[in-house]
Amino acid sequence: MFASTPINLEDVLHCIGVAVQAPSGANKQPWQFMVIDDARVKEKLRAKCEEQEKRFHETAGTSFKQWLESKRITWRKPFLTEAPVLLAVFSNQAMPYATESTWLAIGYFLLALEEKSLSTMTYTPSYPEKVRAALDVDEPYKLETIFPIGFSADSSPKAHRHPAESFIHKNVWKTKS
Ligand SMILES: Cc1cc2nc3c(=O)[nH]c(=O)nc-3n(C[C@H](O)[C@H](O)[C@H](O)COP(=O)(O)O)c2cc1C
């Protein structure tokens, strides 16, 4: 949930500037960022995403549907019009390690965003190729994710993280319980 308070677009551009400092396969820098603050474009994007999410939810199996319901995840994606700015991130699939490198840049972006006291959530649309086409972006670009960006209006605490030790293996692989 995002406050309707406008954000400084310069802050988002700064964070993209941090993101593009990330290392990439063969230094090909395979990422592209589309900054969206036009209400009409946001509405068009939301409509396309929700159309695809409906399709996804209709085809989900029973146990997956139950899991989605337990997480209160529906086909509705209101944050796509409520957040003041959206950032669609693409990778150029003609380049080596395009997806890995782009997500590394995304990691840099997320930390920079937090330093600017801005909030987001990582939305990975269902059937991203349909959403990419709606944005008039051609192959070989792949839509990796869309970030709604704004000031948070969500008071829920940060989701639990397991302690680092539960992921660390020293010299030998130990199966973690
Ligand atoms: C690769 C990736 C894909 C994700 N895709 C979605 C998504 O499509 N929809 C969604 O609601 N959250 C998505 N998330 C958000 C995660 O559910 C969320 O980051 C996680 O539950 C931890 O919560 P936090 O980010 O609030 O700490 C995604 C996160 C990552 C890293």
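Ala, Val, Leu, Ile, Met, Phe, Trp, Tyr, Cys and Pro count here as nonpolar, Asp, Glu, Lys and Arg as charged, and the others, Gly among them, as polar. The model is a predicted one, in which local features need pLDDT of at least 70 and side-chain atom pairs count only at pLDDT 80 or more, while totals for chains, interfaces and linings use all residues. Residues are numbered from 1 along each chain as its sequence is written.

By these classes, four nonpolar, two polar and one charged residues form the shell around the ligand. The residues surrounding the ligand are Ile 73, Met 121, Thr 122, Tyr 123, Thr 124, Lys 158 and Ala 159 (C-beta atom, placed from the backbone, within 6 Å of the molecule).

Turning to helix α5, residues 98-115 (helices being DSSP runs of H or I, at least four residues, and strands runs of E, at least two, numbered from the N terminus), its buried residues are Ala 98, Ser 101, Thr 102, Ala 105, Ile 106, Phe 109 and Leu 113. A residue is buried if 20 or more other C-beta atoms, placed from the backbone, lie within 10 Å of its own, exposed if 12 or fewer, and partly exposed in between. Seen down the axis of α5, the buried residues fall within an arc of 145° (taken from the directions from the helix axis to the C-beta atoms), so they line one face of the helix. The face turned away from this buried side carries the exposed residues Glu 100, Gly 107, Leu 111, Glu 114 and Glu 115. After α5 comes Ser 117, with a positive phi near 60°.

How values were computed. The expected span of a helix is 1.5 Å times one less than its number of residues.
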